There are 2 protein chains.
Amino acid sequence: MPRKKTEVTAPMALRDACIVAAQEVIAERGIENLSLRDVARKLGVSHQAPYRHYPSRDHLLAEVMRRCFQRFAAHLDARRRYEDPEQDLNSLGLQYLTYAQEHPLEYRLMFSTTWPAAALEMDVVGDATHAFDVLRGVLKRMHGDSAAMRETVDLDAMYIWSTVHGLAGVMNSQCVGMLDIKASVLKRATRHAMDRMGVGLRGAG
Amino acid sequence: MPRKKTEVTAPMALRDACIVAAQEVIAERGIENLSLRDVARKLGVSHQAPYRHYPSRDHLLAEVMRRCFQRFAAHLDARRRYEDPEQDLNSLGLQYLTYAQEHPLEYRLMFSTTWPAAALEMDVVGDATHAFDVLRGVLKRMHGDSAAMRETVDLDAMYIWSTVHGLAGVMNSQCVGMLDIKASVLKRATRHAMDRMGVGLRGAG
């Protein structure tokens with residue numbers, strides 16, 4: 001029995017280990033330098049071993065992206081929830097920002113990476129859509145889930161997404177820390193922008 | 001005289017040619033793979049030649065960034081101007097977005113790149129600040145240029161910057177095109193978010 005277990009789990013372990021190693025290669029040397037050969041070298045396995053699980057480097061990259069979206073959606077789902085959709089949206093926005101701050105590489109892989117063709121084959125879209133649906137869900141509670149409001153829900157989802165995506169990018173950029181902006185302003189900037197965002201949403205609804 | 005001219009202009013030409021070649025290397029192989037050696041190879045000059053102008057690869061990268069900020073600020077300054085600060089802010093936002101869309105690499109180099117230490121030495125900060133001051137200028141016209149409003153101006157500058165930066169990132173990402181969002185929504189998304197942004201700014205002012 002133990003032998004059988006090893007036989008079953010070892011390939012699965014390698015499959016997952018490739019993901020971890022791929023993220024390390026990307027973090028160290030950039031996405032352009034990701035190759036299955038480097039992943040194998042990092043894991044101390046034969047050059048052929050990763051091919052058992054990933055037909056190509058792009059399939060591995062697509063799997064890395066897919067898991068990023070899954071973890072991201074799970075992180076958003078794990079936010080503190082509120083009955084009031086406005087409060088819930090605020091909680092979602094802050095939860096989004098903590099992910100971007102704590103996982104900058106994963107964040108970039110989701111939103112600033114050229115999708116490899118293999119991403120379609122591996123349904124990265126499904127996992128990305130699930131993450132987007134978390135935001136849609138809160139806005140449906142706010143605007144109502146009628147056919148008439150469907151476009152407004154999606155337009156506002158893009159508006160909210162853009163604002164928090166931009167906040168994540170600006171606040172995590174080195175550029176903002178270089179400018180002559182007072183520390184007191186930097187400290188309040190996220191709260192301020194989230195408040196303005198809420199006003200924009202209410203004022204127009 | 002022609003000889004003298006050649007002597008003077010050739011080094012300047014090489015200095016500028018290095019910038020162009022560096023951007024090509026970054027575009028083709030990622031910022032991690034930028035080296036003075038590759039730049040020299042691309043230009044067909046000796047390995048030592050770029051060192052006459054750039055003490056290190058990081059100095060060249062810093063100069064590339066500096067010029068990006070200069071062109072970016074010039075692009076913002078060249079927007080269609082309006083007396084009304086709200087209209088001018090809208091024009092500035094759209095001008096910002098066209099830069100991000102038309103120059104994605106330059107845009108990334110400004111806002112998504114780890115600044116090399118040489119960037120401080122070469123005053124990239126000065127050029128980045130000038131670009132930020134374009135936005136500050138419009139908000140000072142809106143809020144007034146008093147000491148009391150200085151923090152509000154900077155807070156709103158960060159809010160506006162975040163929103164347009166986010167819009168640029170989301171609309172130029174591959175991700176947004178993969179999601180099940182209707183073409184009519186995608187078409188209106190920028191206008192919608194800019195409108196909401198305006199409401200947020202007015203409503204809270």
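**Domains, core and chain contacts in a predicted model**

Chain A is divided into domain 1 (1-54) and domain 2 (58-204). These bounds come from an automatic or database domain assignment. The model is predicted: local features need pLDDT of at least 70, side-chain atom pairs count only at pLDDT 80 or more, and totals for chains, interfaces and linings use all residues. Residues are numbered from 1 along each chain as its sequence is written, while chains are lettered from A and ligands numbered from 1 in the order in which they are written.

Chain A has 10 helices and 0 strands. Helices (H or I, at least four residues) and strands (E, at least two) are DSSP runs, numbered from the N terminus. The C-alpha trace of chain A spans about 60 × 45 × 35 Å along its principal axes.

The centres of domain 1 and domain 2 of chain A, taken over C-alpha atoms, are separated by 30 Å. In chain A, 12 residues of domain 1 are in contact with 8 residues of domain 2. Two residues are in contact if their C-beta atoms, placed from the backbone, lie within 7 Å. On the domain 1 side, α1 (2-29) and α2 (36-43) of chain A each give two or more residues. The largest share of that side, 6 residues, comes from α1(A). By class, the domain 1 side has 11 nonpolar, 1 polar and no charged residues. Here Ala, Val, Leu, Ile, Met, Phe, Trp, Tyr, Cys and Pro count as nonpolar, Asp, Glu, Lys and Arg as charged, and the others, Gly among them, as polar.

Contacts also join the two chains. In total, 50 residues of chain A are in contact with 50 residues of chain B. On the chain A side, the elements that give two or more residues are α5 (104-111), α7 (124-143), α8 (150-172), α9 (174-178) and α10 (183-204). The residues of this side divide into 25 nonpolar, 16 polar and 9 charged.

Of the 205 residues in chain A, 35% are buried. A residue is buried if 20 or more other C-beta atoms, placed from the backbone, lie within 10 Å of its own. The largest nonpolar core has 104 residues. Such a core is a set of buried Ala, Val, Leu, Ile, Met, Phe, Trp, Tyr and Cys residues joined through C-beta atoms within 7 Å. The residues with the most contacts inside the largest core are A22(A), M65(A), M110(A), M65(B) and M110(B). Leaving aside neighbours within four places in sequence, M65(A) is in contact with L109(A), M110(A), T113(A), A119(A) and V124(A).

Key: Buried ≥ 20, exposed ≤ 12 C-beta atoms within 10 Å, placed from the backbone.
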